[in-house]
Amino acid sequence: MPIFGGGKKDSKKEKKSKSVGHIEEILDDADKLLQSGDIDKAAAEFRRAHRTLYKDENPNADPLEFSKVFIRTGHGLFETEEIDRSIECFEKAAQLDPKNVDAWLSKGIAHLKTKQMLNYAVLCF
């Protein structure tokens, strides 16, 4: 659920690491819970994905894939009002892929929502 639509899938199928696949399964479950209206369980699943991402031993092995997963996790955390954690995810996504526009825009929006660091939010745009 990207904040700005986005979320286009690549036409070519690429082999994903086991950890990325596992995290995407968690995120799929969390999205289903969110769509069904079970916000508390969805938030718990998004937090689980967040913990799993930070336990992964080497996100630099495939930075573009991990960047996408960090963004997806951040969007879910944002939707469940866990803004600080979503900002962490967007920052990590931007570190892994500095050209990822969704990471920068989402980070800026999250900062605006907190009403803290407004100057930094503007810089993200």
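Visitor: How many salt bridges does the structure hold?
Guide: The structure holds seven salt bridges. This is a predicted model, in which local features need pLDDT of at least 70 and side-chain atom pairs count only at pLDDT 80 or more, while totals for chains, interfaces and linings use all residues. Residues are numbered from 1 along each chain as its sequence is written, and side-chain values use heavy atoms, with hydrogens and water left out.

Visitor: Why is the pairing of Glu 82 and Arg 47 called a salt bridge?
Guide: The term requires a side-chain nitrogen of Lys or Arg within 4 Å of a carboxyl oxygen of Asp or Glu. For Glu 82 and Arg 47 the N to O distance is 2.4 Å, so the pair qualifies.

Visitor: What makes Glu 82 and Arg 47 a tie between parts of the chain?
Guide: Glu 82 lies in the loop between H3 and H4 and Arg 47 in helix H2, so the pair joins parts 35 residues apart in sequence. Helices are DSSP runs (H or I, at least four residues), numbered from the N terminus.

Visitor: Is Glu 82 buried or exposed?
Guide: Buried means under 20% relative accessible area, exposed over 50%, and partly exposed in between (1.4 Å probe, protein chains only). Glu 82 has 14%, so it is buried. Arg 47, at 26%, counts as partly exposed.

Visitor: Where do Lys 68 and Glu 65 lie?
Guide: Both are in helix H3, three residues apart, about one turn of the helix. Lys 68 is partly exposed at 41%, whereas Glu 65 is buried at 8%.

Visitor: Why is the aromatic pair of Tyr 54 and Phe 70 called edge-to-face?
Guide: Rings of Phe, Tyr and Trp (its six-membered ring) pair if their centres lie within 6.5 Å; planes under 30 degrees apart count as stacked, over 60 as edge-to-face and the rest as tilted. Here the centres are 5.5 Å apart and the planes make 75 degrees, so the pair is edge-to-face. Phe 70 is buried at 1%, while Tyr 54 is partly exposed at 39%.

Visitor: How many residues does the largest nonpolar core have?
Guide: The largest nonpolar core has 20 residues, and Phe 70 is among those with the most contacts inside it. Such a core is a set of buried Ala, Val, Leu, Ile, Met, Phe, Trp, Tyr and Cys residues joined through side-chain atoms within 4.5 Å. Its largest share, six residues, comes from H1.

Definitions and conventions. Helices (H or I, at least four residues) and strands (E, at least two) are DSSP runs, numbered from the N terminus.
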